[in-house]
Amino acid sequence: MTALLLTLLAPLLGGLTLALLRPLALAGWFNLAVSLITLGGAAWLAWLVAVSGMIAGMGFRVDAFNVYLVVLTAFVGVTTSIFSRPYMRHVCSTGKISAGSLRVYHSMYQAFMLTMLVALTTDNLGVLWVAIEGATLATVLLVSLYRTPEAVEAAWKYFILCGVGIALALFGTVLTYFAAQHVIADPAAGLTWSALYERAHELNPTVMRIAFVFLLVGYGTKVGLVPMHQWLPDAHSEGPTPMSAVLSGLLLNVALYAVVRLKMLVDGSLAETATPHLAGSLLMGFGLVSFTVAGLFLHRQRDIKRMFSYSSIEHMGLMTFAFGLGGSLATFGALLHMLVHSLTKSAIFVTVGHATHLAGTQAIERIRGLIRTQPAIGWSLLFGVVAIAGFPPFGVFTSEFLLLTATMQSQPWFTVALVSGLAVAFAGLFRHLHPMVYGAAPEGQQPVQANMLPVLLHLGLVLWLGLSIPDFLATWLDRATGLITGTRLL
Amino acid sequence: MSLTQLPVLQQFVLLLAALALFLSFVLLAQARLVAAIHAFAWQGVLVSAVTLVVALAGTAHHLYFSAALTLALKGLLIPWMLHRLVRRLSLSRHTETLRWPALVIMAAVLLVIFSYWLVEPMVAQDLAFTRNIVAVSLAVVLIGLLMMVFRQQAVAQVLGFMSMENGLFLAAVSATAGMPLVVELGVAFDVLVAMVLFGVFFFQIRESIDSLDVDRLNRLTEAVEITGERPG
């Protein structure tokens, strides 16, 4: 419990302090320190869970499934704050944002981490909702940080669309609570996930069916599922790049985590009815549509950050599909994919941040010759995209291979759609990537100061996961798979 | 089971909820901003009154607190904040030209019917009261959504957002005798923070497009040529 408190209090107190901290040079370092403490707490928590199996109490519940996302969240939080310190100071020194805005940025960065961690660790569906809505509120000011008309528009769109989506999710939560009241006598426990899960088979299937549709549309908006994805490319492309990295790498995962937890409840409730796999089929449908549409949209992008945000939608679609497919193999693959996608995508956004500083623009057609001007950035971008497109030996290949195998086993016809979708996405990424990396550099393009440590760390980990998944991690993911599907893989 | 057989207090709750739904229609079609804010405030008061009646009828004592919270937040604080913002943005006399008002109202009517259709399966469980209340609150939520889609004025969109929240509160209070206190406080906190941020955005939007007609925020589309330099 102490570990959990440490993990949650560090970003809370850190965020409050950063809101007041005047010296800007210090703020970046302090932000990094707070993130490191959070990571320490998360690692401790993971160790405790590995030993005891589960930590529950005070309205929290940490098991193998969410603790792995907690560690991932804290880890990406650290590496992104390593990247963001010099990056945001550079932005600040060019006069694009004021000192006050930078303070807002740091404070909201920690507030966002806090909401993510609360959403992951809470056992209460209501608190989960509050935390995910809190994440929107924490990031919406960051999207409009540059105050350009585009940024303000993106932020407004993000605010309104996610506000609507999340309101529908609350309606679904209320319906779940309504169903729970006929099963669980104590009204205070009616939203507790573990209590609901134990008695999921008693929940009224009619009510749960309606509730799940609202919950899926609501949280699906935050996952970025097509057609509720409209906010995502705008918010990713207009906000500061460190924000794109954490939005893509963390927020989408946490929203998907919420969907999976709720699917477990609905599956329990519908098990005895005529449509036991309704939740899974819905997830598969939404997932496949998002996967295909986003892959096609990759081709017509002109903004580099927009392009990679469509790639995020594509991968979230794939994971949603896999969780919908169910079964231990698909679930294991989806969990692994969550991990490698977060690591790769945040590494890509970090690299893209440096590339846009180098070229002075986000327009793909004007980013040229990265390898010639600054090989570190060029090669990182190349390897990042190779990894995200699912080439061996990177980890994304492993997880996508597992997912394809699982699909082949249970729904062979969908494999065709998945493979062609992957090919389309690959083509979309590489037709833009090639000139950016290899093209002739414009005259006078100067290297910028870049810290490639986060990128190396992330891509190194993804490479390691592709070559051999360490035993402890495999056991860990396997335990999470066991929690979600009831059967273990290994 | 017909409505007249319900206990008097439940009938009263249904009456108040129906009035709240009526106010949603008023909000949807009210072109004057200040009048719309007043309608929204009255809706908040009605939701708070529903909470009070449910509290009187049942044993859940924290509902008294929640009624007071709703009244303070939805009936007084948020309308006051909106009022102040509208004055500071000098929009007090602003009237919005509604596009296709008759069509929008018809769409809202259809949404009410849809809500009843959606909760129809619940009738099998003999939940006449709950079925009505869930349908009415769902209709309030959906009409709020419709309002956010059809109104172009940022303040009107926020009113739609807030009336969605009213519908959610209505559902939580009357169908389930209130959410656990920690959730209710969390939701109230989120709504309050959202309102403050909306206020900030009104000024940012006006600064960037010189108006609060959100329709003119249309620079971000898929195939558009990128012109401006962006800092990345």
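How many helices and how many strands does chain B have? Chain B has 7 helices and 0 strands, where helices are DSSP runs of H or I with at least four residues and strands are runs of E with at least two, numbered from the N terminus. Before I go on, please keep in mind that this is a predicted model, in which local features need pLDDT of at least 70 and side-chain atom pairs count only at pLDDT 80 or more, while totals for chains, interfaces and linings use all residues. Residues are numbered from 1 along each chain as its sequence is written, and chains are lettered from A and ligands numbered from 1 in the order in which they are written.

Let me stay with chain B for a moment. Read along the sequence, its pattern is α-α-α-α-α-α-α. The radius of gyration of chain B is 19 Å, close to the 17 Å that the globule rule gives for 232 residues, so chain B is as compact as a globular protein of that length; the radius is taken over C-alpha atoms, and the rule is 2.2 Å times the number of residues to the power 0.38. Along the principal axes, the C-alpha atoms of chain B fill a box of roughly 65 × 35 × 35 Å. Of its 232 residues, 47% count as buried, a term that requires 20 or more other C-beta atoms within 10 Å of the residue's own, with exposed meaning 12 or fewer, partly exposed lying in between, and C-beta atoms placed from the backbone.

Turning to chain A, the secondary structure comes to 19 helices and 2 strands. For 490 residues a compact globule would have a radius of gyration near 23 Å, and the 21 Å of chain A agrees with that. The C-alpha trace of chain A spans about 70 × 55 × 45 Å along its principal axes, and buried residues make up 63% of the 490.

Now to the interface. There, 45 residues of chain B are in contact with 51 residues of chain A, contact meaning that the C-beta atoms of two residues, placed from the backbone, lie within 7 Å. On the side of chain B that touches chain A, the elements giving two or more residues are α5 (128-150), α6 (154-176) and α7 (181-209) of chain B, and the largest share, 13 residues, comes from α7(B). By class, that side divides into 32 nonpolar, 7 polar and 6 charged residues, with Ala, Val, Leu, Ile, Met, Phe, Trp, Tyr, Cys and Pro taken as nonpolar, Asp, Glu, Lys and Arg as charged, and the others, Gly among them, as polar.

I82(A) lies in helix α3 of chain A and is buried, with 20 other C-beta atoms within 10 Å. Leaving aside neighbours within four places in sequence, I82(A) is in contact with L32(A), N451(A), L453(A) and P454(A).

A contrasting position is E365(A), in the loop between α13 (328-359) and α14 (370-373) of chain A. With 14 C-beta neighbours inside 10 Å, E365(A) counts as partly exposed. E365(A) and D303(A) are 62 residues apart in sequence, and their C-alpha atoms are 8.5 Å apart in space.
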